[in-house]
Amino acid sequence: MGGSKAWIAGAAGLSLSREERDFFAGERPWGFILFARNIDSQAQVSDLVAAMKEAGGRDTTPVFVDQEGGRVMRLRPPLAPAYPTPASIGRLFSLDRQAGERAAWLQGRLLAADVAAFGFNADCVPCLDVPVEGAHSVIGERAYGLNPDTVATLGRAVADGAMAGGVLPVIKHIPGHGRGDADSHLELPRVHTSRAALAVSDFAPFRSLNTLPAAMTAHILYTDIDPVRPATLSPIVISSVIREEIGFDGLLMSDDISMKALSGDLYDLSAQALMAGCDLLLHCNGDMEEMRRVAAAAQPLHGDAQRRADACEAIIGRGGEAASIEAMRAEYQDLMAQVA
């Protein structure tokens with residue numbers, strides 16, 4: 001599994017161009033990610049995912065997609081079924097804890113089956129953020145609830161369901177995006193809550209799930225922890241909060257390094273994220289000039305980052321457990337009908 005560099009790449013369109021193929025052969029991203037612009041038909045998506053795995057040079061090359069349920073669904077009908085929001089699972093859990101936890105596991109397992117049908121082997125779920133009143137709506141119904149224990153319980157079930165289907169889950173957005181006062185796609189959110197209060201609520205689901213294999217950072221400025229640098233670029237947040245206080249020793253990838261929450265040259269931002277302690281850089285938009293800057297900053301994986309990446313690929317390599325997807329889909333629909 002060695003030889004890959006510490007970044008995850010997107011593509012510009014529905015297939016890899018010759019320029020992209022040549023570029024990826026030289027710059028060796030560890031994995032790839034698809035967005036709506038890359039998705040048209042079953043055959044096209046399957047071919048693109050296969051081409052990305054070929055570019056990665058490994059059967060276990062991770063190819064990611066954001067398939068949460070609710071509004072965050074890159075694969076939509078007729079390519080894949082629609083699902084209720086994560087918040088809907090939380091509402092079921094509030095009525096019947098056992099039914100809610102089962103529905104969460106089923107949603108994770110069904111999402112895995114849906115994406116694996118195209119060759120995807122990694123899904124950026126679950127979202128472990130805990131929203132608070134007055135926060136920006138960018139998380140909103142993407143959260144499983146407003147209680148950290150609820151979020152942790154349902155997030156664990158979704159992640160376990162995904163792994164049962166042979167798909168690598170990625171918890172996000174560590175150490176917590178729920179209090180953000182802005183959409184980090186567009187500007188940098190700031191959180192002024194004390195570290196002690198954050199530890200009780202925002203950090204709690206991540207601490208409960210700190211043995212999961214992969215996580216994505218939050219582009220959030222936590223002013224009581226590091227008043228200058230957002231989490232993705234902050235050695236204080238990554239070392240003191242994510243690695244020590246939360247206890248997460250899995251693979252840590254940045255959120256999309258090209259999002260507007262971060263300002264500056266992409267080479268400099270990428271170098272800062274890696275120096276701060278991110279294992280991998282995520283770059284999503286497929287812009288070749290931007291990718292060149294990110295790839296120039298990325299170095300070959302080594303040490304703990306390589307160990308963590310290998311552990312993620314081992315989960316992918318296990319594949320999914322045999323199951324009747326039709327029966328599970330029927331059970332899931334029956335459970336969710338209680339909160340329809």
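Which helix lies across β2 and β3? In this predicted model, helix α2, made of residues 42–56, takes that place, and its direction makes about 170 degrees with β2.

## A sheet of nine strands

Let's step back to the sheet itself. Nine strands build an open sheet with parallel pairing, and their order is β7-β6-β3-β2-β1-β13-β12-β10-β8. At the edges sit β7 (168–169) and β8 (171–174), each of which pairs on one side only.

If strand pairing is new to you, here is the general idea: strands of a sheet pair through backbone hydrogen bonds, either parallel or antiparallel.

## A closer look at β2 and β3

Strand β2 covers residues 29–33 and strand β3 covers residues 63–65; two bridges join them in the parallel sense. Within this pair, Phe-32 stands opposite Val-63 in β3.

Another helix also meets the sheet. Helix α10 (residues 288–297) packs on the sheet and touches both β1 (5–9) and β13 (280–282). Relative to the direction of β1, helix α10 runs at about 160 degrees.

Now try following one residue. Lys-5 belongs to strand β1. Is Lys-5 buried or exposed? Its relative accessibility is 10%, so Lys-5 counts as buried, because the cut-off for buried is under 20%.

What does the side chain of Lys-5 reach? The answer is the backbone oxygen of Ala-298, at 3.3 Å. Beyond its neighbours within four places in sequence, Lys-5 is in contact with several residues, including Glu-27, Arg-28, Pro-29 and Trp-30. Leu-280, Ala-295, Gln-299, Pro-300 and Leu-301 are also among the contacts of Lys-5.

Note on methods: Residues numbered from 1 in each chain as written. Predicted model: local features only at pLDDT ≥ 70, side-chain atom pairs only at ≥ 80, totals over all residues. Heavy atoms only, no water. Pairing = 2+ DSSP bridges. Helix = DSSP H or I, 4+ residues; strand = E, 2+ residues; numbered from the N terminus. Contact = heavy atoms within 4.5 Å. Axes fitted to C-alpha atoms, helices over the stretch in contact; angles between N-to-C directions. Buried < 20%, exposed > 50% of the residue type's maximum accessible area, 1.4 Å probe, protein only. Polar contact = N/O pair within 3.5 Å; in protein donor to acceptor, adjacent residues only side chain to side chain.
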